[in-house]
Amino acid sequence: MSASPDIQSAGRRQTAALSVFLVVQTLGTVFFVGDVIGDLREDPTSVHFIFEAVVTAALVLGILFGTFALRRTIELLRAQEQALAVARGALSDVIDGQFQAWALTPAERDVGFLALKGLDVAEIAELRGAAQGTVRAQLTRIYSKAGVSGRAQFAAFFVEDLLGAGVPEPAEAAQ
Amino acid sequence: MATPRTPAAPPSLWDPVVRITHWGIAISVLANAALDEGGSLLHVSLGWMVMALLVLRLVWGVLGPGEARFSAFPPDPVAALRHLGRLASGRAVRHYPSHNPAGAMMAYAFWACLALVTVTGLVMTSGATPMQVAAEKAAVASGDWSALIKESEGESSDEDQGLRHTAEEVHEVVANLLLILAALHVAGVFVETRAMRRNLVAPMVLGQRRK
């Protein structure tokens with residue numbers, strides 16, 4: 001969870017920078033177009049005018065492509081955010097369902113969730129305003145209901161589902 | 001292209017192009033209306049800036065992401081009136097993926113007025129870019145009045161003068177209309193914020209502050 005705001009703010013900075021660039025580019029181009037139209041009324045056959053018109057056309061094309069690229073970047077960023085939110089929601093659904101299957105009490109659910117987030121006994125006790133001994137006892141009950149040996153296995157229970165590939169057999173690995 | 005989403009609410013943060021063009025135009029219009037003198041270099045430069053920002057916003061309305069595109073908030077006066085009626089009678093208002101219909105009409109009215117005000121401004125200055133205005137003013141300041149003579153004598157057909165006079169009238173009326181629209185716009189945001197219990201200002205600034 002801690003990594004995503006960084007990705008988001010980096011993406012925001014990137015799109016903001018691109019947008020500022022696009023605005024400056026548009027300002028320059030509009031002034032240029034005005035100048036070209038002014039020249040057009042004076043002498044449309046001069047080399048100066050033709051050259052300036054070509055440069056201006058290139059600038060206009062640049063803005064159109066820049067706009068399109070910026071749109072793509074913004075949409076990509078949003079798609080990533082959405083995918084992350086879906087994955088997050090799915091994982092918390094899985095955890096909720098499993099906690100229910102283990103028949104954890106509401107207090108045990110809270111403690112179990114905090115333990116999964118990586119908080120240690122002292123931190124959980126402080127957050128919940130409970131004694132450390134209580135939290136330790138709750139954790140022990142959680143582990144026994146889940147049939148795991150301890151915190152590492154408890155956390156692995158949920159991560160394992162996310163890792164697609166199975167663990168290679170020792171014999172296979174040796175070959 | 002990503003699949004178009006149809007969220008139930010406007011974005012929690014408008015994209016940077018929408019925000020930059022919004023505040024750039026707002027500040028430039030207020031400055032040109034209240035602070036500087038019509039015809040001054042600053043006035044003309046800000047006018048050109050408004051034109052550039054308007055062009056960018058209109059291009060963005062075709063090429064931009066979903067909620068910034070015109071297709072997300074088509075002009076629909078009937079829906080706008082219905083929306084306002086609901087607001088006035090205190091009934092629950094629908095949430096829209098982009099501007100609500102009344103806000104959309106406001107945006108189109110703004111754009112029409114901005115286009116009109118810049119075009120009439122261009123007619124009044126006969127399309128002089130800020131660079132040309134600056135050069136002209138520098139020439140006059142250094143005692144070379146030929147720039148003015150060329151201006152008033154070279155193209156002083158009656159038709160031209162008439163057109164410029166009309167443009168001046170329209171420029172002034174539309175500029176005042178813009179200020180009225182801006183006041184209505186601010187009032188609308190205030191009412192909508194209270195009726196929908198949703199902050200409409202934050203998405204146009206920096207979005208919700210994250211922890």
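I began with chain B and read along its sequence, where the elements follow the pattern α-α-α-α-α-α-α. I noted that helices here are DSSP runs of H or I with at least four residues, that strands are runs of E with at least two, and that both are numbered from the N terminus. What I am looking at is a predicted model, in which local features need pLDDT of at least 70 and side-chain atom pairs count only at pLDDT 80 or more, while totals for chains, interfaces and linings use all residues. Residues are numbered from 1 along each chain as its sequence is written, and chains are lettered from A and ligands numbered from 1 in the order in which they are written.

**Entry 1: the two chains**

I looked up the elements of chain B and found seven helices and zero strands; chain A likewise has seven helices and zero strands. I then turned to burial, where a residue counts as buried if 20 or more other C-beta atoms lie within 10 Å of its own, as exposed if 12 or fewer do, and as partly exposed in between, with C-beta atoms placed from the backbone. Of the 211 residues in chain B, 26% are buried, and of the 175 residues in chain A, 14% are buried.

For contacts I used the rule that two residues touch if their C-beta atoms, placed from the backbone, lie within 7 Å. Taking contacts between residues at least 6 apart in sequence, I found that 72% of those in chain B join residues at least 24 apart, and that the figure for chain A is 60%.

**Entry 2: where the chains touch**

I looked at the contact between the chains and found that 20 residues of chain B meet 24 residues of chain A. On the side of chain B that touches chain A, α1 (16-35) and α2 (41-63) each supply at least two residues, and α2(B) gives the most, with nine residues. That side of chain B has 15 nonpolar, three polar and two charged residues, where Ala, Val, Leu, Ile, Met, Phe, Trp, Tyr, Cys and Pro count as nonpolar, Asp, Glu, Lys and Arg as charged, and the others, Gly among them, as polar.

I then followed α2(B) to helix α2 (residues 47-101) of chain A, and found that their axes come within 10 Å and cross at roughly 55 degrees. Axes are lines fitted to C-alpha atoms, for helices over the stretch in contact, and angles run from 0 to 180 degrees between N-to-C directions. The two helices are therefore oblique to each other, since angles under 35 degrees count as roughly parallel, over 145 as roughly antiparallel, 65 to 115 as roughly perpendicular and the rest as oblique. In this pair, A:T67, A:F68 and A:R71 of α2(A) meet B:V59, B:W60 and B:L63 of α2(B).

**Entry 3: a pair inside chain A**

**Entry 4: one arginine**

Lastly I looked up B:R82, which sits in helix α3 (residues 77-89) of chain B. B:R82 is partly exposed, because 15 other C-beta atoms lie within 10 Å. Between B:R82 and B:A26 I noted a separation of 56 residues in sequence and 28 Å in space, C-alpha to C-alpha.
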